[in-house]
Amino acid sequence: MLKFFENLDRRWIFLMMLLAVAIPILCQWRFPETPTPLVRDTFHAVDDLPEGSDILLAWDYDPASEGELGPMATAFARHCCEKKHKMYFIALWPVGPQLIDDTINRVIKSDFPHLVEGEDYCNLGFKPGNEGVIKVIVTDLRQLYTTDHRGTNIDKIPMCRDKRSVRDFDLIVEVSAGYAGLKEWVQYAATPYPEDVKIIGGCTGVTAPQLYPYIPEQLPGLLGAIKGAAEYEKLVLDKYGGEEEGKYQEGLRRMGPQLVAHLLMIALIVAGNVIFFAGRRREKQR
Amino acid sequence: MKRETLVWTVLLAVAGAYLLWRTASFGGATVYVRSVDGLQTTATAWEGMAGIARPSISRTVGVWMAAIFTLCIMSFAYKDNPFYKFAEAVVVGVSAAYWMVVGFWTTLIPNLFGKLFPTWINAWAIPDLSSVHDDNWFFYFIPLVLGVMLLWRLAPKGAWIARWPLAFIIGTTAGIRLVGYIHADFLSQIRNSIKSVAVLQAGAEPTSAAAVLAGLDPWQSAKNLLLIAGVLACLVYFFFSVEHKGLAGKVSKVGIWYLMITFGAAFGYTVMGRIALLAFRLEFLFDDWLWLLDPRGSRPPDWTGWW
């Protein structure tokens, strides 16, 4: 028996993990979420601003991390719409503009059709240069952003006319999959200008441990991976409703498979250790 | 025929027949679109039934391609195979071409040629871009020359010329990142680590030792103490000028514990991230492609299910 487990083909583990994720999705299992203080701080950073505040939303991720970051991007955008904030979307990742368009179509155009492009929201598109872009726009936005993503001159966009730099925004909301992302925004915008620039954001699970040291002085709010997204969705749903809309509960839905898969993972780690030590004891006995 | 090949052929044939039957019966994976401000946006099947939206052939083909490519990539978990290799090659090729096109239209045109030849770019490429020169516009010849020098490495002779712009890139990047790290990660982190180990509750006054003890916020104080102890222990662990024996050895062992807990937390986060990605792809396959479930309520209930 021990020999069988010691030489178990790893593909059986893959199959078990597939089933652990697939079955809760198919059965649509949901579990209650209790928001943590950090997620509450993130929520209040958006919610406590007066209506009509200027929010810069930086969508620095790609389809590869859509599963983790898409739900929090949708939740942030919806929250800004509910609060009637003005939304300026930008991206440091080349597929960012498409993901911004996706957010605009899914949230703004379908549920807030009264919002006008150029007056209530705008997509300024992608700029290459990673932290170089942040370094420039933190003092002079127009040096890089001369047009929006469709080529419309920035001076012809009413909501952009008085915007000279990143410091003119009330809040920066950054959804980050890695480099360039939240870390660079903290390094080149929030740290040098602590009085003028306030940043909150969400990130992938892989990058979250690198960002925790910045909390709370340099980064007052952070959503860590899908768990953070689910908690944020819960807060937005509790305050603004929308339980019937499935697209605003993607994070909450994905916590079902998370729970089962994590239980399987813990069981596998325990089983692996038991098998390892049992095998070592048997070797010693020989 | 090998037994493994036979099993896979039968499985694929059964799956293919099921897909064909479902598509013929329900029109599975059909994507509906409607026109908003002259642009096509994704709509629900309900809107399609109401006549507000229409089926989109191109987007439906897109869903099928996304599903097939997802399965091709996932097949690597079984073993390396030609389907995986094909999908991998397509991703690499499409990404390279995409980067090139995006780089051309978002950097070269507006940020370089638009500055050097604004009238021409305004007339030919971006009508809303300013058609007059900025002040000091001639400085933009410097990046143009550096760019040409960088491309020189493709020429049969004089590849060394490309080293100059590369040196410029490395120098400026190193400078920018050095300043960023020193400010945000070194100095600010030192400042953030200086915490009081005796945090008083709101309203408490430190008038005497007894008053401090009475007004102490135990949780916040313990948190700060843990943080400071962790920073010091980890610093001792990475301090190699003293042999890790005696007190230094014991403190460095505490540092190892802190590091192990950090790595464990990072691994836990990574697992959570990967499972979220798998859940996302499976949701796509079950919902958008196969119509086995409908969490967003975008279709009539009798269109969703296994049969």
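Two residues are taken to be in contact if their C-beta atoms, placed from the backbone, lie within 7 Å. The structure is a predicted model, and in it the contact between the chains takes 52 residues from chain A and 46 residues from chain B.

**Contact between the chains**
- On the side of chain B that touches chain A, the elements that give two or more residues are β2 (39-43), α4 (82-116), α7 (163-193) and α10 (246-289) of chain B, and α10(B) gives the most, with 18 residues.
- By class, this side of chain B has 27 nonpolar, 15 polar and four charged residues.

**The sheet of chain A**
- Six strands of chain A form an open sheet in the order β3-β2-β1-β4-β5-β6, with parallel pairing, and the edge strands, each of which pairs on one side only, are β3 (121-126) and β6 (221-224) of chain A.
- From one strand to the next, the twist averages 15 degrees.
- Strand β2 (residues 86-91) of chain A runs parallel to β3(A) and is joined to that strand by four bridges; A:Met87 has A:Tyr121 in β3(A) as its bridge partner.

**Helices α4 and α9 of chain A**
- The axes of helix α4 (residues 66-82) of chain A and helix α9 (residues 225-240) of chain A come within 9 Å and cross at roughly 25 degrees, which means that α4(A) is roughly parallel to α9(A), given that angles under 35 degrees count as such.
- The crossing of α4(A) past α9(A) is left-handed, and the residues making the contact include A:Met72 and A:His79 of α4(A) as well as A:Tyr232 and A:Val236 of α9(A).
- The residues of this contact of α4(A) with α9(A) divide into nine nonpolar, two polar and four charged.

Technical notes: Residues are numbered from 1 along each chain as its sequence is written. Chains are lettered from A and ligands numbered from 1 in the order in which they are written. This is a predicted model: local features need pLDDT of at least 70, side-chain atom pairs count only at pLDDT 80 or more; totals for chains, interfaces and linings use all residues. Two strands pair if DSSP finds at least two bridges between them. Axes are lines fitted to C-alpha atoms, for helices over the stretch in contact, and angles run from 0 to 180 degrees between N-to-C directions. Ala, Val, Leu, Ile, Met, Phe, Trp, Tyr, Cys and Pro count as nonpolar, Asp, Glu, Lys and Arg as charged, and the others, Gly among them, as polar. Angles under 35 degrees count as roughly parallel, over 145 as roughly antiparallel, 65 to 115 as roughly perpendicular and the rest as oblique. A crossing is left-handed if the near helix is turned anticlockwise from the far one by less than a right angle, and right-handed if clockwise.
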